[in-house]
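Student: I have a model on my screen and would like to learn to read it. Can we take it feature by feature?

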Amino acid sequence: MADTQSSTQQQPEYPENIDAAVLKIAGVVILGVIMSILDITVVNVALPTFQEEFGSATDPLAYSHVAWTVTAYTLALATVIPLTGWAADRFGTKRLFIAAIGLFTAGSVLCAAAQDINQLIAFRVLQGLGGGMIMPLGMTIMTRAAGPNRMGRLMAILGIPMLLGPILGPIIGGWLIENASWHWIFLINLPIGIATVVYAFFALPGDRPEPSESFDFLGMLLLSPGLALFLFGVSSIPEKGTVADPRVWVSMLAGALLMLAFVWHSFRPEHPLLDLRLFRNRNLTISVIVMFLFVAAFFGSLLLVPTYFQQVRGESTLNAGLLVAPQGIGAMVTMPIAGRLVDRIPVGRIVPFGFLGILVGMFPLTQITSETDYWVIVVSLFVMGLGMGATMMPMFTTALKTLTHHEVARGTTLININQQIASSVGVAVMSVLLTNWLPPQRIWYAVVGAWDNPQIVGQIGGQGVVDALLADAGDAFAQTFWVAWVLMLLTLIPVAFLPRKSEPAHLLDAEGATGPAEAPAPPPPH
């Protein structure tokens, strides 16, 4: 009966241009995504404040404890993302998106009301369970609303919150902490969350859930804990400083074994939790490889710049955020252009130029010192932003464009898991390398605290010693940027395999096609 209904559906009419109807849907998604991404960067800024509020600024264990406010959120994201594809098909994207926003908003209010650090960590888990569904659901909603011929332009719109988060997060977080209190970095989500829920209720079109698919319980028991354990081990590397620590390697090994067991299992059920059969799609496979290397290198290096401004140059959190802003501005220049081009030109003729911009922009940062002129850094960041704008959303677009309508929810889940693992690995690797190359930790933190304190300068050994340590720190940042630059250079290898000829989009093949809907391909023989 369902097949008969599907086959009689008429092909949806998608206008050629971005119209008011699709912009209304995009507005809902952008509000939700920008709220979840802003929260990540805002909380990063607040860690020293949490240390003072809930512990002691002089206690070296306090920082590792409060860092769990970030780690717990990341692990919750990793746990819930694999469920999103199935849940979107089962309950419908509209209802699930509204529920995710509601859960994230409720978690934000509870975080603001936390009385101790353990409560805050627990409520951050609740936030992460909602936040983990927002991005993949948003990508699914946008992809289905755009149709195959407008995806590039609409995905460029979705890229706006992904850029504004790293730019505005440190600025908003620094301003709220300095002028109000840390509670407001969470309470600010309350009015935005309520507005998004109301807006989504009226603006998002209803979609038809498909409850016939069985839930892959065994897949969930393998993949979600496996992903969480692996990322827990990776996230522990900066704190432990080595992969040889049992907490690191045991967690990563256990997580990797569970994920390998999931890979073996995922080809058995007809509807696995994460459909690895999608990797039969050549464009999706190449795009996932490119995005993994790109995200690990780019987002790992993204962590370094504000840290350099604060720890080597003595800038405030607010000033550091403002100095990093040119990178986002550069991306905003090229992202709409790339989005329009990718609807007309194969991605293999666009993305290489984006990577070239990133490599050219990042190279001066490999030469950075403790006295590098700010204009050199600002121009470098702007050029990197130009390259990023021509890279990220075209990659998402080409990954999703050749999937069928029914595969989009599973495809976005796969892409978001890939991005989550890549960013965690990139941040962990860059953090460990930077920590190992910086001056000894005890001396280094004394230098960082000596900007306005002549007494500390004297205790260290005078201004000459401080300047020498700062020079060593500048070299440490330069070496770390070299690693990111080489990794970005290696990404050009899979980039060379991106399609350079126009290929048909298949978003309408399984639903709304001009003929009988094709049945899903049977699972491979065992």
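Student: Which residues form one aromatic cluster?

Tutor: Y308, F309, Y374 and F477 form it. Keep in mind that this model is predicted.

Student: How is a pair of aromatic rings described?

Tutor: Two values do it: the distance of the centres and the angle of the planes. In this model, the count comes to ten aromatic pairs. Take F201 and F202. Their ring centres are 5.1 Å apart and their planes stand at 90°, so the pair is edge-to-face.

Student: Are F201 and F202 buried or exposed?

Tutor: F201 has a relative accessibility of 52%, and exposed means over 50%, so F201 counts as exposed. F202 is exposed too, with a relative accessible area of 66%.

Student: What are the distance and angle for F294 and F355?

Tutor: The centres lie 5.7 Å apart and the planes make 75°, so this pair is edge-to-face. The pair links distant parts of the chain. F294 sits in helix α12 and F355 in helix α15, 61 residues apart. Both F294 and F355 are buried.

Student: What should I expect of nonpolar side chains?

Tutor: In soluble globular proteins, they tend to be buried together. Here the largest nonpolar core has 110 residues. F97, F294, F298 and M488 touch the most other members. Helix α12, residues 282–302, gives the largest share of this core, eleven residues. Another core, of 17 residues, lies apart from it; L47, V66, C111 and I185 are among them.

Student: Which residues does F97 touch, beyond those up to four places away in sequence?

Tutor: They include V28, V29 and G32. Others on the list are I134, L137, G138 and I141, along with T196, A200 and L204.

Student: Last, a helix. What can I read from the length of α14?

Tutor: Compare its reach with the expected span. Helix α14 has 26 residues, 317–342, and reaches 37 Å from its first C-alpha to its last. That is close to the 38 Å expected at 1.5 Å a residue.

Student: Where does α14 bend?

Tutor: At V324, by about 30°. A proline, P326, follows within four residues.

Terms used:
Residues numbered from 1 in each chain as written. Predicted model: local features only at pLDDT ≥ 70, side-chain atom pairs only at ≥ 80, totals over all residues. Heavy atoms only, no water. Helix = DSSP H or I, 4+ residues; strand = E, 2+ residues; numbered from the N terminus. Expected span 1.5 Å × (residues − 1). Bend = angle between axes of the 7 residues up to and from the residue. Core = buried A, V, L, I, M, F, W, Y, C linked by side-chain atoms within 4.5 Å. Buried < 20%, exposed > 50% of the residue type's maximum accessible area, 1.4 Å probe, protein only. Contact = heavy atoms within 4.5 Å. Phe/Tyr/Trp six-rings, centres within 6.5 Å; stacked < 30°, edge-to-face > 60°.
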